[in-house]
Amino acid sequence: MIIDLPSTTTSQVNSKLVQLREEGGAVTLGRVLTLVIVTDDGTKTEDAVDAANDASREHPCRVIVVARGAHRAAPRLDAQIRVGGDAGASEVIVLRLYGELANEGASCVVPLLLPDTPVVAWWPNEAPAVPALDPIGQLAQRRITDSAAEKNPIKALDQRKAGYTPGDTDLAWTRLTLWRAMLASAFDLPPYEKVTEAEVSGEADSPSTDLLAAWLAGSLRLPVKRAKAVRGEGIVDVRLERKSGVVELVRPDGKVGTLTQPGQPERRVALQRREIRDCLAEELRRLDPDEVYELALRSLGKVVRGRTPAKATAAARRPAPAAAGAVGSPNGSEPAGEAPSGDGAAADGSAKTPAKAPARAAAKTPAKVAKAAKAKSAKGTVKVAGKGSSARTKA
């Protein structure tokens, strides 16, 4: 059942909820929390409500949707109450705020919160840079965002790291639960060896790929390579190198993964990309801070992006070429400008050039030059005998 309340107030919405409860004969409520969904009014609003309805079958709750409308319109609050089959196992209150009220979502939510129950805030699309400082985020014990739904997912992930507060979480992190479980189970089997290198590949704009690489970097305490996959969606491949061989988990089609490791048969595992409702239901199971998610955010700095091409590495190892016009031996032992052959011929068989002699003179060491000058000076002097003494004069 759907009841529309156009141009209403929060007190009228509360009165209508009490009336519906009395007419239905429900004396007490079995709601365990209040889920506040913050989004812009549009087609994506219904997608978020559908996901919340599915999650409410596991966690009965009151869902309050804050749908922000046009800011230039006149201040107005349009409400809609959904109960019964249109609300899953919860009761849904949709608040459409227009004009100046669009920025006063927290004031409209407070009168509708269930008493003595936890509050969870969820931004299914764009979220504030620091969710804990948002007026609605300050009301909640848990704050759920989704970096993959942002315009720039990688930049949004960096914002989550910079503004992290205990109680924050990200659905991009929740999508990794199956991956983390499979990789952890691979180390429960022998050989129990340390991982020496790790690499995670996926889509360039996949925040889940970055978080998985960061989780491995923080858990294994080593830098992890983050590469761009040529094909596939989301996370595609994880390679962990050990002394005995490579542990690899590959999911090329987004549905079924293959786990290979030394000494064990190849295993096919279900790794289908998770729906939003499944991730939301998992996050509502715990209302305490997620320390492992915090560790992954802190370890994002240990993730090394991209690969070093093999050709570039080989070129970097080769010695720099000689200057143009210089002739030298392959090992660089001969001086520049001097042919390596003993007969004075150039490397290509041509005759000696006039620059040959100056090059050889320049190649002499300072010690040889000093010795030659001393010998020349000795030849240019003569001894003259005198009375009881001898003298030296220049010739």
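Predicted model: local features only at pLDDT ≥ 70, side-chain atom pairs only at ≥ 80, totals over all residues.
**Notebook: a sheet and a helix**

Strand β12 (residues 245-250) and strand β13 (residues 256-260) run antiparallel, and three bridges join them.

Then I asked myself: in what order do the seven strands of the open sheet lie? I read β14-β13-β12-β11-β9-β10-β15, and the pairing is mixed. At the edges I found β14 (267-270) and β15 (303-305), each of which pairs on one side only. Between neighbouring strands of this sheet the turn is 20° on average, direction ignored.

I also checked which helices pack on the sheet. Helix α6 (residues 177-186) touches β11 (235-242), β12, β13 and β14. Helix α7 (residues 207-220) packs on the sheet too, touching β9 (197-202), β10 (224-228), β11 and β15. For α6, I noted a direction about 20° from that of β11, and for α7 the angle with β11 is also about 20°.

My last entry is on helix α1 (residues 10-24). Its 15 residues, at 1.5 Å a residue, should span 21 Å, and I found the end C-alpha atoms 21 Å apart, so the two agree.

Which residues of α1 are buried? I listed T10, V13, L17 and L20. They cover an arc of only 80° around the axis, so they sit on the same side of α1. Covering the buried residues of α1 are, among others, β1 (2-5), β3 (61-68) and α3 (105-109). On the face turned away from the buried side, I found the exposed residues E22 and E23.

Methods
Residues numbered from 1 in each chain as written. Heavy atoms only, no water. Helix = DSSP H or I, 4+ residues; strand = E, 2+ residues; numbered from the N terminus. Expected span 1.5 Å × (residues − 1). Buried < 20%, exposed > 50% of the residue type's maximum accessible area, 1.4 Å probe, protein only. Arc of directions from axis to C-beta. Contact = heavy atoms within 4.5 Å. Pairing = 2+ DSSP bridges. Axes fitted to C-alpha atoms, helices over the stretch in contact; angles between N-to-C directions.
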